[in-house]
Every structure is written in C-alpha cells, then in structure tokens.
Amino acid sequence: MAKTNKVAIVTGSATGLGAACAVDLAGRGWNVVINYTKSKKEADETYETVKSKGVEAILVQADMGRDADCRKLADETMRQWGRIDGLINNAGTTKFQGQGDLEGVTPEDFDRILRVNVTGPYMMSRAVYPTMKKQWDEKGDRGSIVNISSIAGVMGVGTSIPYAASKGALNTLTLSLARWFGPAVRVN
C-alpha cells in the first residue's frame with residue numbers, strides 16, 4: 001500500500017458500512033476521520049484497524065443532526081491535516097414501524113430521521129466545500145463527496161416511511177449538490 005496525503009471523513013464510521021469504508025480507504029493509503037455518535041467502543045476498534053493499515057486517523061464524536069457538530073468535524077480534520085479530499089456521508093438513523101402502523105413514528109421521530117439522513121449530509125457537505133473548492137482552485141485537486149442512500153429512497157419500501165422518504169430526498173440532494181459544487185467537487 002502506498003501512503004497518500006489524502007484525507008477522508010467518513011460519518012457514522014464506527015460500525016457497518018461506514019467502518020468498512022474507513023478501513024478500505026486506509027488500505028488505499030488515505031488518512032481517515034472516524035466519526036461516531038454513541039458507539040465509542042466500536043469506534044475505538046475501527047480506529048485501531050485503520051491505524052494498522054499504516055495511516056493516520058482521528059476519532060471525532062459528532063452528531064450529524066447538529067450543524068455545530070458537522071462544522072466541528074470539518075474543523076478538527078483541518079486542524080489535523082490541513083486538507084479534506086473526500087467525504088462519505090454514511091451516518092443514518094431510522095425507527096421501525098409495523099406495516100400500516102402510522103402512529104408508530106412520532107413527528108419528533110420523523111424530524112430526527114430527516115435531520116440526520118438529509119440535513120446532516122447537507123450540513124457536512126457545506127462544511128467541507130470551502131476547503132475542497134480552495135484545493136481545486138489552488139492545486140487542481142478535485143474533492144469527492146459520496147452520499148450513502150438506499151433502494152428504499154427509490155422504491156418507497158422498507159419498514160419505515162420516514163426512512164424511505166429521507167433517502168429519496170438524499171438522492172435529490174445529491175443531484176443538486178453535484179450541480180452546485182462541480183467541477184471542483186464530484187458528488188455521487
């Protein structure tokens with residue numbers, strides 16, 4: 001593995017797909033920011049696995065439903081490495097509801113799901129964009145943002161109506177950000 005000077009933030013990277021993305025990037029020589037909200041033990045394990053790949057890593061506890069935390073995540077990355085090349089918006093939440101149980105999700109649940117799954121990727125993208133744009137303007141280094149969605153956002157299926165709605169909105173957000181941020185930043 002050849003070490004690069006590239007840096008990626010992976011939200012929700014303590015477990016699951018986010019952890020797998022962080023480990024894969026580390027295996028490609030990228031320095032990685034591991035983000036978690038509550039899963040400290042798992043985040044520590046992901047951190048150790050990433051470090052074992054011979055790259056640098058930091059752990060940042062931040063709630064992707066809070067703008068101040070999104071900005072903190074970008075700021076701590078800049079303090080550590082002075083650059084941001086990639087962002088994977090992986091953090092997500094849901095609340096399961098039984099088929100036909102429209103009372104199974106409260107308005108507060110719905111708001112929280114939208115805030116983390118849609119507003120969070122918007123706030124994180126907004127927080128990293130100035131750095132990525134500057135890197136493009138000064139060095140021609142193109143940034144990349146990846147938003148993790150779900151077939152639920154296309155098909156309207158699953159065990160949570162708000163989750164499916166949030167992923168549909170994330171798909172549209174991705175298209176909008178790609179149009180606004182290009183060509184300096186690729187958004188998929």
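Trainee: What percentage of the 188 residues in the chain is buried?

Mentor: This is a predicted model, in which local features need pLDDT of at least 70 and side-chain atom pairs count only at pLDDT 80 or more, while totals for chains, interfaces and linings use all residues. Residues are numbered from 1 along each chain as its sequence is written, and side-chain values use heavy atoms, with hydrogens and water left out. A residue is buried under 20% relative accessible area, exposed over 50% and partly exposed in between, with a 1.4 Å probe and protein chains only. Of the 188 residues in the chain, the buried share is 45%.

Trainee: Is Phe-96 buried or exposed?

Mentor: Phe-96 is placed in the loop between strand S4 (86-89) and helix H4 (107-139); helices (H or I, at least four residues) and strands (E, at least two) are DSSP runs, numbered from the N terminus. Because its relative accessibility is 62%, Phe-96 counts as exposed.

Trainee: In what order do the elements of the chain run from the N terminus on?

Mentor: The secondary structure of the chain comprises six helices and six strands. From the N terminus on, their order is β-α-β-α-β-α-β-α-β-α-α-β.

Trainee: What radius of gyration does the chain have?

Mentor: The radius is taken over C-alpha atoms, and the globule rule is 2.2 Å times the number of residues to the power 0.38. For 188 residues, a compact globule would have a value near 16 Å, and the chain agrees with this at 17 Å.

Trainee: What share of the contacts between residues at least 6 apart in sequence joins residues at least 24 apart?

Mentor: A contact means heavy atoms within 4.5 Å. Among contacts in the chain between residues at least 6 apart in sequence, the share that joins residues at least 24 apart is 71%.

Trainee: How many disulfides does the count come to?

Mentor: A disulfide is a pair of cysteine sulfur atoms within 2.5 Å. The cysteine sulfur closest to that of Cys-21 is in Cys-70, and at 18 Å it is too far for a bond. Cys-21 is buried, with a relative accessible area of 16%, and Cys-70 is buried as well, at 0%. By this rule the number of disulfides is zero.
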